[in-house]
Number of protein chains: 2
Amino acid sequence: MHELRIDEQRFRRDFDELAEIGSTGDGGVHRPSLSPSHLEARRWFRERIERDGLEFRTDGAANHSAVLGAARPDAPTLLLGSHLDSVFHGGRFDGALGVVAAYEALRTVRDAGLELPVHLEVIDFTDEEGTLVGLLGSLAVAGAITPEELASPRGGRAALEQGMRRAGMTEDGVVAAARAPESLAGFLELHIEQGPRLVDGGIDIGIVSSIVGMASIDLIFVGREDHAGTTPMDARRDAGLAAATFMTEVTKRVRREFTDCVVNFGRIELKPGAYNIVPGRAELAVEFRAPSAERMSELETSLLESARAIATGQGARLKTRALGAIAASACADVCRAAFAEACGTLDLSNTELLSGAGHDTMALARVCPAGMIFIPSTGGSHSPREHAEWEACVNGANVLLHAALGMAQRPRG
Amino acid sequence: MHELRIDEQRFRRDFDELAEIGSTGDGGVHRPSLSPSHLEARRWFRERIERDGLEFRTDGAANHSAVLGAARPDAPTLLLGSHLDSVFHGGRFDGALGVVAAYEALRTVRDAGLELPVHLEVIDFTDEEGTLVGLLGSLAVAGAITPEELASPRGGRAALEQGMRRAGMTEDGVVAAARAPESLAGFLELHIEQGPRLVDGGIDIGIVSSIVGMASIDLIFVGREDHAGTTPMDARRDAGLAAATFMTEVTKRVRREFTDCVVNFGRIELKPGAYNIVPGRAELAVEFRAPSAERMSELETSLLESARAIATGQGARLKTRALGAIAASACADVCRAAFAEACGTLDLSNTELLSGAGHDTMALARVCPAGMIFIPSTGGSHSPREHAEWEACVNGANVLLHAALGMAQRPRG
C-alpha cells in the first residue's frame with residue numbers, strides 16, 4: 001500500500017478541463033458561488049463522477065459528492081474535499097485543486113481495489129468564498145448554519161435567494177444537510193498556501209496546525225470639520241490624521257509585539273470628503289487575525305487601547321462597530337499525524353504552519369477530526385496570478401491519498 | 001470727517017433682514033450661487049438700493065452694485081464689497097457682512113453729504129464660494145475669467161448653465177464685465193476671520209498682508225493587492241499604509257519646517273476596499289497653502305519628495321494628478337496703510353495677518369490696489385456656527401468707512 005500513487009496524467013487532465021470553466025483567459029477563473037459558471041463547474045464534476053461509474057450524491061446545501069462505499073453500511077465516513085467556487089476573477093487553484101486531488105485519491109483507492117473500513121467521500125462544498133454566505137456548505141454539514149446567517153448574509157439577501165433558486169436549494173434543505181458527528185471519521189483538505197512560506201523555505205508540504213481566528217471592526221474617529229485654510233495645523237481635531245496615525249502605530253506594534261498575528265486596514269472614508277475641509281469623521285475598516293482565542297483577545301485589547309489613546313491625542317472621540325468574528329480552530333492531532341506519516345512514506349519535507357485564511361476545514365473541525373495541508377504556491381491569493389508547480393500538486397495529492405489511508409485505519413476518538 | 005460713524009441700528013436691521021433669506025433655522029443660511037435663495041438675497045439688495053434712492057447697476061457677470069457718483073464723470077471708481085452667496089448650509093456672516101458693511105459705509109458718506117473725488121461703488125460679486133466657478137464675478141471684473149474656466153467649471157458645466165440661465169447671464173456678458181484697470185481706484189473688503197487668531201489675541205482688526213496661494217493634488221500610491229490573512233505583515237506592499245505614513249510624516253514636517261503653511265488631506269480611497277484585502281491602491285486628496293510663490297514651490301517640492309521616499313519604503317510607486325493652483329496675492333501697501341490709519345482714527349487695536357482662505361480681493365489685486373480686513377469671529381468657517389460679536393461688526397464697518405475715505409483722497413499709483 002506504501003507504493004500506491006495517484007495517476008498524474010488523469011489528475012492533470014481533470015484539473016485542466018475544470019480550469020477552462022469560467023476561464024478569464026489569463027490563467028484565472030471567475031466562478032462566484034452559484035453563478036452560471038460555478039453551476040457549470042459543478043455539473044462537470046457530477047458528470048465526471050458518473051462517467052467514472054462512481055456514486056454521486058448531493059444534499060440540501062447543494063454539496064456534491066463522489067462516494068466509495070465501505071462494506072459495512074454503518075461505517076463512518078471519511079470526507080476529503082474543498083470547493084469549486086472562486087472569488088470574482090480569482091485563481092484556478094484555490095479550492096478546485098483540493099476537489100480534483102481528493103477525487104483523484106478516491107479513484108486511486110477504487111482502482112487499487114482497496115477495501116477501507118470507512119466510506120470514502122469526496123465533497124465539493126457550496127459557497128466557500130463568501131460571495132453569498134461563506135463556508136455555507138461546510139457549516140451546513142457541521143450543523144452550524146443559523147437562520148440569522150441566512151437572513152442577513154454577507155453578500156446580501158437578494159443574491160443568496162437568487163443563487164439558491166438557481167441551484168434548487170431551500171433554507172430547510174440547508175439545515176437538513178447537517179450530518180450526525182458520530183457518522184464522520186474525519187475531514188482532510190488540500191489547498192495551495194496562498195502565501196510565501198513554503199516556497200521561500202523550499203519545503204514540499206505545510207501541515208496546518210491551526211487556522212487563525214479573525215474579526216472585523218469599524219473604528220470611527222470623530223473630530224471636528226474645519227476650513228483647511230483658516231485653521232492652523234495645531235488647532236485642528238483632524239479625524240483623518242487620527243486614523244492615519246492609528247494605522248502606522250498599530251502596524252509597528254503588530255510587527256513588534258504580535259508577530260504571530262496580522263492586521264489589515266482595507267478601507268477608510270473621510271467626511272465630508274472635500275479638498276478644503278479638515279475631515280471631521282474618519283471610518284476605518286480593520287480586520288485582524290490571531291492563532292488562538294487568547295491572542296485574538298490580547299490583540300483586540302491592544303488595538304482598542306491604541307485607538308483610544310490616538311483619538312484623545314488628536315482631540316477626537318472613538319466609536320467602534322464590531323462586525324463579527326470567527327474563532328481560531330486547531331487542526332486535529334490525528335490528522336496532523338496522518339499527514340506527517342504520509343510525508344514520511346513519500347519522503348517529502350514538511351513543516352507545521354498556521355493558516356492565515358479561513359477554509360472549509362474550520363467548519364468541519366466543529367464536529368470531527370479535521371486537518372489540512374498546504375502545497376507551495378506563488379502569486380498570492382484570490383488572483384489569476386496564483387500558481388502552483390504541477391509537481392507540488394502531485395506531491396500534495398499523494399500526501400492526501402496516504403493520509404486518507406492512514407486516517408481510514410484509525411478508530412475515531 | 002474723523003468723527004463720522006456708520007448707523008449701527010440701520011446696519012443691524014439690514015444684516016438681520018438679509019440673514020432671514022435662505023435661513024436654515026440654526027443661525028446659518030443656504031444660498032448656493034444663483035440658487036433661488038441666492039437670487040432672492042440679490043433681489044433684496046437691489047430693492048434696498050432702490051428704496052434708499054441710490055443708483056443700482058448690474059453687469060454681464062450679474063454683479064450687483066450701488067453707486068454714489070462723483071462730480072466728475074471720468075473720476076476713477078473705488079470699489080467696496082464682498083458676496084451674498086454661501087456654501088451649502090453655511091454661515092450668515094461669510095460674504096454677506098462684507099456687502100452690508102460696505103453698503104452702510106456708502107450710505108453714511110451719502111447722508112453726510114461728502115463729495116468724494118471718486119465714484120464710490122458697493123459691489124456684490126457673483127459666485128465667490130465656488131459652487132459654480134469660484135470668484136466668478138470678481139475675476140470677470142478683473143478681466144481674468146477664461147473661456148476654459150467656463151467650459152469645465154468646478155461645479156460642472158450643467159450647473160453653471162442652469163445658474164446662468166436663471167440669472168439671465170451669457171458667456172459674452174461675463175467676458176464683457178471686465179473693467180479698464182485705470183478706471184479703478186482700488187478695492188476694499190471686510191470679512192470675518194474664520195479662524196481663531198484675532199479672538200485668541202483679543203485684537204479688534206486684522207489687516208490682511210497677503211492671501212495664501214493654494215494648490216490641490218491627488219497622490220496615488222500603487223502597491224500590490226494581497227490576501228490579508230496569508231500575506232505576512234512585512235511581505236506586503238500596502239498602498240494604504242504608504243498613504244497613512246505620508247499623512248503623519250508630512251503633518252510633522254509642515255508643523256516643524258513650514259509653520260507659515262498648511263496642508264490638508266480631505267479624502268482617501270483605498271482599493272479594492274475590502275476588509276480582507278491589503279489595499280493595492282490608495283488615492284489621497286492633498287491641498288496645501290503658502291503665503292508666497294516661493295513657499296508654495298518649496299512646500300510642493302517637499303511634499304513630493306516625502307511621497308516618493310515613503311512610497312519606495314513601502315514597495316509602492318507614486319503617481320500624481322495636479323488639479324490646479326491659485327497664486328498667492330499680496331494686498332496693496334496703500335490699502336494696508338489706509339486700514340491702519342483708520343484703526344488709529346478709531347482707536348482700534350490691529351495686527352497684520354495672512355488670509356488662509358481665498359477671497360474676491362485676490363481677483364481684484366490683479367488690476368488695482370486691493371486690500372481687506374478681518375474682524376474677530378468664532379465657530380470656524382463655512383458653518384452655521386460661525387459667529388461675530390455685533391460690536392466687532394460695527395468696528396469693522398467703521399474701519400471700512402474710514403479706509404475708503406482715506407483711499408478716496410489718495411491718487412492711484
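**View 1. Helices H1 and H3 of chain A cross at roughly 145 degrees**. The axes of H1(A) (residues 8–20) and H3(A) (residues 96–111) come within 10 Å; axes are lines fitted to C-alpha atoms over the stretch in contact, with angles from 0 to 180 degrees between N-to-C directions. Helices (H or I, at least four residues) and strands (E, at least two) are DSSP runs, numbered from the N terminus. H1(A) contributes Arg10(A), Phe11(A), Asp14(A), Phe15(A) and Leu18(A) to the contact, and H3(A) contributes Ala96(A), Leu97(A), Val100(A), Ala101(A) and Glu104(A). Residues are in contact if their C-beta atoms, placed from the backbone, lie within 7 Å. The model is predicted: local features need pLDDT of at least 70, side-chain atom pairs count only at pLDDT 80 or more, and totals for chains, interfaces and linings use all residues. Residues are numbered from 1 along each chain as its sequence is written, with chains lettered from A and ligands numbered from 1 in the order in which they are written.

**View 2. Strand E9 of chain B pairs with E13(B)** **and with E14(B)**. Strands pair if DSSP finds at least two bridges between them. E9(B) (residues 213–222) runs antiparallel to E13(B) (residues 281–290), joined by ten bridges; here Ala215(B) faces Phe288(B). Eight bridges link E9(B) to E14(B) (residues 317–326), also in the antiparallel sense, and Phe221(B) has Leu318(B) as its bridge partner.

Conventions: Contact = placed C-beta atoms within 7 Å. Buried ≥ 20, exposed ≤ 12 C-beta atoms within 10 Å, placed from the backbone.
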